[in-house]
Amino acid sequence: MANQVEPSLIPALFEELQAERFVTLATVDHETQGPNVSAISWILAKDEQTLLFAVDQRSRTIKNIKNNSLVVVNLIANESTYSIGGVASVSLESLPGVPLKLTLVQLAIKEVRDVMFYGSKISTEPAYEKTYDKKAADRLDRQVIEAMKEA
């Protein structure tokens, strides 16, 4: 049986994307035209149809999106794994109010698919920790998320 496809975020996923979290982002590589996957954590659901995420201005991700705007975010949440596909565009070349040179990207969601294989569920979600100064990391994370909310 095929998994149901939604045109926007379901309420549980919207709530999961109200704070920094680990996701992967798939883009089309601007040089090879093959798949490119990046791990990101500064992501936020603006509403049920829109995701915002911030990445380094010099990243391959930005070059890829400018060349081909189709992207997929993979989110593990709600005991499953989801493919959130849509069209990405640079919203702000430089995200104000943060000490790093970050670009804000907006993703217009076209579909949300539960892509977990049949008869299973996620029992433990991925966890990560920052490996540099904890206070500095927390301060930077707050600055980035607040700047994204204000954008």
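This report describes a hairpin, the nonpolar cores and the salt bridges of a predicted model.

## Basis of the description

Residues are numbered from 1 along each chain as its sequence is written. In this predicted model, local features need pLDDT of at least 70 and side-chain atom pairs count only at pLDDT 80 or more, while totals for chains, interfaces and linings use all residues; side-chain values use heavy atoms, with hydrogens and water left out.

Strands β2 (residues 23-28) and β3 pair in the antiparallel sense over 6 bridges. Strands are DSSP runs of E with at least two residues, helices are runs of H or I with at least four, and both are numbered from the N terminus; two strands pair if DSSP finds at least two bridges between them. Thr-27 stands opposite Asn-36 of β3. The two strands form a hairpin with 6 residues between them, and Gln-33 in the turn has a positive phi of about 65°.

In a regular strand, side chains alternate between the two faces of the sheet. In β3 (residues 35-40), Asn-36, Ser-38 and Ile-40 make up the covered face, and Pro-35, Val-37 and Ala-39 the uncovered one. Pro-35 counts as exposed at 79% relative accessibility (buried means under 20% relative accessible area, exposed over 50%, partly exposed in between, with a 1.4 Å probe and protein chains only).

Asp-29 lies in the loop between β2 and β3 and counts as buried, at 4% relative accessibility. A polar atom of the Asp-29 side chain lies 2.8 Å from the backbone nitrogen of Glu-31.

Asp-29 also meets Arg-60 in a salt bridge (2.5 Å, N to O), a term for a side-chain nitrogen of Lys or Arg within 4 Å of a carboxyl oxygen of Asp or Glu. Because Arg-60 belongs to helix α2 and Asp-29 to the β2–β3 loop, this pair ties together parts 31 residues apart in sequence. Arg-60 is partly exposed, at 34% relative accessibility.

## Nonpolar cores

The largest nonpolar core has 25 residues, and Leu-9, Leu-17, Leu-51, Phe-53, Val-73 and Ile-84 have the most contacts inside it. Such a core is a set of buried Ala, Val, Leu, Ile, Met, Phe, Trp, Tyr and Cys residues joined through side-chain atoms within 4.5 Å. Another core, of 13 residues, lies apart from it and includes Leu-44, Leu-95, Leu-102 and Val-144.

## Further salt bridges

The whole structure contains 12 salt bridges. In one of them, Glu-125 pairs with Arg-21, with the closest N and O atoms 3.0 Å apart. Arg-21 is buried at 11% relative accessibility, whereas Glu-125 is partly exposed at 34%. Salt bridges with shared partners join Glu-16, Arg-21 and Glu-125 into one network.

Conventions. A polar contact is a pair of N or O atoms within 3.5 Å; within protein, one must be able to donate a hydrogen and the other to accept it, and residues adjacent in sequence count only if both atoms are side-chain atoms.
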